[in-house]
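Colleague: I have a model open and want to learn how to read it. Can we start with how strands pair?

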Amino acid sequence: MTDMRELFERQAAWQASRRDLSWPEKVRMAEAIRESVIRLRNMRSIDSGSDRAE
Amino acid sequence: MKLVAQLLNEMRTAGIIADYALFGAVAQMRYTEPVATLDADVLVAVPAPDRLDVLAPLYQFCITRGYNPEGDAVRVGAWPVQFIPTFSRLTGEALARADTADFEGVPLRVVRADYLAVIALSVGRAKDFTRILALLESGSVGVDRIAELAAQHGLADAWQRFRTRFLND
């Protein structure tokens with residue numbers, strides 16, 4: 001339980017550190033996330049036999 | 001996003017739009033940690049809001065600048081941009097009272113945290129509730145301010161339901 005609590009506390013601290021970044025930096029991170037999300041969606045649509053992404 | 005800011009400012013200077021402000025997830029990130037989003041949402045006030053093709057002049061302006069439509073959006077650099085005309089008294093007020101932020105040296109208008117929260121409350125999907133919680137967690141807006149603004153826009157009951165469901169009071 002203590003390990004789990006420490007894990008959550010580390011995660012919360014990490015999230016807070018992301019919050020303190022500048023807005024442009026956060027938007028650049030979102031751009032990188034976005035490309036990954038699109039790639040994952042495309043992979044999923046290929047796996048399911050669909051020929052178009054959502 | 002800098003390209004988006006430059007385009008929006010050009011549109012306003014040219015009179016294609018009367019005003020604009022980012023809202024949605026990209027605006028939220030000004031106040032919270034980064035979040036995943038596929039596009040950038042922009043509230044716009046247009047000079048002739050009663051036209052049936054209200055967004056046609058915006059799209060035409062984008063095309064002349066080399067930015068082409070892509071589905072319901074216009075691709076500007078890395079971002080598909082969705083233009084959304086103000087659709088309620090709440091969104092009109094959010095636009096009128098938006099902040100002008102600095103985005104890498106370019107002015108970029110962005111909806112304030114309190115209005116982002118109450119617009120999310122009015123839409124009411126799961127991801128909108130997540131947005132409200134993230135804004136509260138960031139300290140960029142408090143429960144009292146949301147309650148006040150929600151009441152001004154007929155959303156007092158929705159806010160009370162949100163509080164009961166998510167804030168344990």
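Colleague: Which residue of β5(B) does Asp41(B) stand opposite?

Modeller: This is a predicted model. Look for bridge partners across two strands. Here Asp41(B) faces Gln82(B) in β5(B). The strands are β2, residues 40-45 of chain B, and β5, residues 79-85 of chain B. Five bridges join them, and they run parallel.

Colleague: How should I picture the side chains along a strand?

Modeller: In a regular strand, side chains alternate between the two faces of the sheet.

Colleague: How many bridges join β4 of chain B to β5(B), and do they run parallel or antiparallel?

Modeller: Three bridges, antiparallel. Strand β4 of chain B covers residues 73-76. One pair to find is Val76(B) with Trp79(B) in β5(B).

Colleague: What do β4(B) and β5(B) form, and which residue in the turn has a positive phi?

Modeller: They form a hairpin, with two residues between the strands. In the turn, Gly77(B) has a positive phi of about 60 degrees.

Colleague: Now zoom out. Into which domains is chain B divided?

Modeller: Domain 1 takes in 2-87 + 100-111, and domain 2 takes in 115-166. Their C-alpha centres lie 24 Å apart. For the contact, count residues on each side. Six residues of domain 1 of chain B touch eight of domain 2 of chain B. The domain 1 side has four nonpolar, two polar and no charged residues.

Colleague: And chain A: how many helices and strands does the chain have?

Modeller: Two helices and zero strands. Then check burial. Of the 54 residues of chain A, 7% count as buried. The cut-off is 20 or more other C-beta atoms within 10 Å of a residue's own.

Terms used:
Residues numbered from 1 in each chain as written. Chains lettered and ligands numbered in written order. Predicted model: local features only at pLDDT ≥ 70, side-chain atom pairs only at ≥ 80, totals over all residues. Helix = DSSP H or I, 4+ residues; strand = E, 2+ residues; numbered from the N terminus. Buried ≥ 20, exposed ≤ 12 C-beta atoms within 10 Å, placed from the backbone. Domains from an automatic or database assignment. Contact = placed C-beta atoms within 7 Å. Nonpolar A, V, L, I, M, F, W, Y, C, P; charged D, E, K, R; others polar. Pairing = 2+ DSSP bridges.
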